[in-house]
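Hi everyone, thanks for coming. Let me put the structure up, and then I'll walk you through a sheet, a helix and an interface.

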Amino acid sequence: MGQHNIYIVPSRPGLFFCGTIAILLIASINDQLSLGYMLTFLLAGAGLASMQATHANLRGLSLDLQAPQAVFAGQEAMLEIRLHNTGRARFGLGFRLRGTAEEATAWVDAPEKGHAVVRLSYAAPARGLYEVPELQIITRFPLGLFRAWSLWRPAAQLWVYPQAESPVAPFPTQAAGPEGEHAASVQLHKGLEFEGVRPYRRGDTLRQVIWKKAALALETGQALPVRETHAPASRELWLDMQDTRGALEARLSRLCAWVLEAERMQSPYGLRVGAQEIDPELGPQHRRECLERLALWV
Amino acid sequence: MKPIPRETRDVFFLLATIAAVVAPHTPLLPLWAQAICGLMLVWRGWLAWQGHKLPGRWLLVIVLAATTALVLLNWRSLLNREAGISFLCLLMALKTLELKARRDAFVVFFLGFFLVLLRFLYSQSLPTALWTLLVVWALLTALVLAQMPVGQPSLALAAKRAARVTVSGLPVMILLYLLFPRIAPLWGIPAETLGKTGLSNQMTFGAMSEIANDDSIAMRLRFDGAVPPPDHRYLRGPVLETFDGQRWTAREGPRRGDTLQLSGQPWRYQMTLEPLRIRAVPLLETAGGDAAQVLGPYIVRRGPELQWIASSPVTERLRFAAEAWPAQTAGAERSPASLQADLQLPAGKNPRVRAWAEALRAQPRFAALSDGERPAALAAAVMDQVRGNDFIYTLSPGRYGETTPHLIDEFWFDRRLGFCEHFAAAFVVIMRSMGVPARIVTGFQGFDAEPQEGWWVVRNSNAHAWAEYWAPGIGWQRADPTAAIAPERVQGGQALRPAPGALERFSPAVWPAVRGLWERMDNRWQQLILNYSRQDQFDLLKRMGVAQPDWIALGRAGALVIGVIALGSAGLIVWQRRPHDAWSRQRAAVLSMLRGLGLPSAAHESPLRWAEQVRQHFGAPGHELAALLMSLEQSRYAPEAPPWGWRESVAWRHRLRVAGRMLEANRS
């Protein structure tokens, strides 16, 4: 932050302070008190110096924002702001979303030539992909007579997934697979049959890794060997919007809860919303893809 | 021991600060106010220590109403100075009870500064200044603490920050102090006298049980030629004629004045008069001249009783020249009828003294004398009475009038302890009882034993009261009963010293030396800092080379300083923005030169590349420049090349400039 984006105005106590100085000055003049003049001017000097000090408390501070963790609607989004201070210690730096109340301010001190972290949480808006809201950073240090602030719009986005339904409804009845096989409900086998070996792909579970051969593979610079499990179509779990009823948000909530549950149970799942399809798979990447799809669905 | 929680510690700090602010005011407060203040502070401290809740709002409102009522009952006003101070002190103590430590620091802060300023009405001495500094520091520290919401910052850290802010404000303070125009009071007039020894327009008999010896300087005199002998060192101040049995006051309203004839060889002198904050200008007796004089912002006139009065209380140091005649005849031709005011006595008061005076007057030895001779003989008889009895001159005579309304009786017959004003008052009452017009003159008497650098110093402790009586055909004569009882007071020019304190007795040699040093420091403080006046401001301007110092010049000087500061800070900002490492700056300089020569050099290229461009472009004449660029490349990129020192880089830059100029010349 520099000269061009820090704003500074006298605070309310600062205005009172001006009034006090004016009264002290008038009293000094009227009673011709030399020491009174001295006191008045000492305070005026300190007040002016505090303006500079308040400004300097923000000037030259650099900030960055950790990419915020995605949240589910209704949860608190957490922003983690890191302060990099190359100068002297700074005190009483307040962070809040622009336009929120004074009480919502998170305060932090930045040590000399050091870093500090401040966490700011706010209620996540409805599902979707959002710009991180504009942040206001304020300080009144040292005397509180001036209020310096700066506005910062971090270049970061926040994913808000739909609220997950709770408790989780049973998975939908799966339509007939290509082989015509029916499954009343998905049987969730933990140990799938051994079918072969292939290199590790993102999304493979740790369980699938053949740890006995892992050391050798790493030694020779190859990817980790993974058991190829045969995932028959009948065991694929399709989470389909068609299987839900009710308002759009409720349906998305249910789908979201299914995704989480399927992921938890390590059962490969696919997502079908409207005409869009995501093929069955497992893993954080897949889960994210699904949830993001749900978040953006209109 | 468990560490104290931050809130508690902050509250304690604030309480201590408040106590320090209020402490010097306590002698002014009535006992009940002192008790309430103390109680509140202790109560608040206890609540903080125990972690109890603060009292409810209603209780506070009731206490506030009660204290306001008490103040009003005591003074019947809140605007009276002492009432105001007491009320502020009480308010400050009360405020602590709804103090949430941090946010309320502001209220305490503002109240605190008013109380500090009010203190200056009573003292502006060096100790007061030191107290002010400490208290202001503590108040600012409390403010800084309030702005540190995180964790438990140490007091020392907050104090350091407060000190840093204050110190960075010092230049502003000094400039303002030097240049802010010292204007006359906006309305009203400054309060006269501040309860020191010294002068005022009234004198209350026996009200002061003890007078403090104020050794601050009242004025300095430098004589051109002879110096008057000790018994002529009287400086005439307010003349008090009206007596109500307890208080002497100056007469008001139009009245006949005394005519004056002077004789003898006058003493000529210059006077530097410190601001005494009274209207009287004490001049050495007897000053001549009838015309009003303009001294600084004041017009000074001779009053009917031959005292010199300024148009408003003198709050600036004045320098002027004056003359004093050793002999005078004042009011000789006045008729006794016009002197009734100088015979007036309060009815029914002091019957014993009046009876005694009438008996003295009735003594046959006075009957034979003429009207013109008799007053002098009576005065001499009274003086003999003072000398012949066990009267004691003391600065701590105790209070008079506590058991009887007849104060002069009490002094003349019963206690016989007093200082100049007691003796002068008794003398005047006795003379009036005997039908001789008489009045009290206050002023200064005596100088320091030795002049300082040619200046004779008169201190506030030289303040004095004496008497004058009138004889037909002769006029007013000075009579100083103090000279009868304590000749050294008048001859030596020095007031009696108070009884020696414990320290003085313990180490008689060291203590006076320490005291002397302190007094010199305090005096220096008074002279240099406190008495800085409009005159000094103009002198300063003169020394800065302004031929005609006036308000406009002062304003210009202020504007100039502000302008310089503004430009300076703008410059500083630009300076802070420029690249910070030497290499970036050097590269920018070299690049601008190369581009000036028409080369397509760019910042991301190395000096090696620039050298190649120079060779290509200029061929052989460019060899020198290319070599210089190569050496830059060497110094920057060659392994184990020592970095250039300051001298080397300056030399290099010089050679670079020369080479550049030569190429420039070649090109054109």
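**A sheet, a helix and a partner chain**

Let's start with one pair of residues: A:Leu93 has A:Val108, in E6(A), as its bridge partner. Before I go on, this is a predicted model, where local features need pLDDT of at least 70 and side-chain atom pairs count only at pLDDT 80 or more, while totals for chains, interfaces and linings use all residues. Residues are numbered from 1 along each chain as its sequence is written, and chains are lettered from A and ligands numbered from 1 in the order in which they are written.

Back to the strands. Helices (H or I, at least four residues) and strands (E, at least two) are DSSP runs, numbered from the N terminus. Strand E5 of chain A, residues 90-97, pairs with E6(A) in the antiparallel sense, over four bridges; pairing takes at least two bridges found by DSSP.

Which order do the five strands of the open sheet have? In chain A they go E1-E10-E9-E5-E6, with antiparallel pairing. At the edges sit E1 (6-10) and E6 (106-110) of chain A, each pairing on one side only.

Now the helix. H2 of chain A, residues 34-58, lies across E1, E5, E9 (135-139) and E10 (146-152) of chain A, at about 20 degrees to E10(A). Axes here are lines fitted to C-alpha atoms, for helices over the stretch in contact, with angles from 0 to 180 degrees between N-to-C directions. Contact means C-beta atoms, placed from the backbone, within 7 Å.

Finally, the partner: 38 residues of chain A are in contact with 44 residues of chain B. On the chain A side, H2(A) gives the most, with 16 residues.

Key: Two residues are in contact if their C-beta atoms, placed from the backbone, lie within 7 Å.
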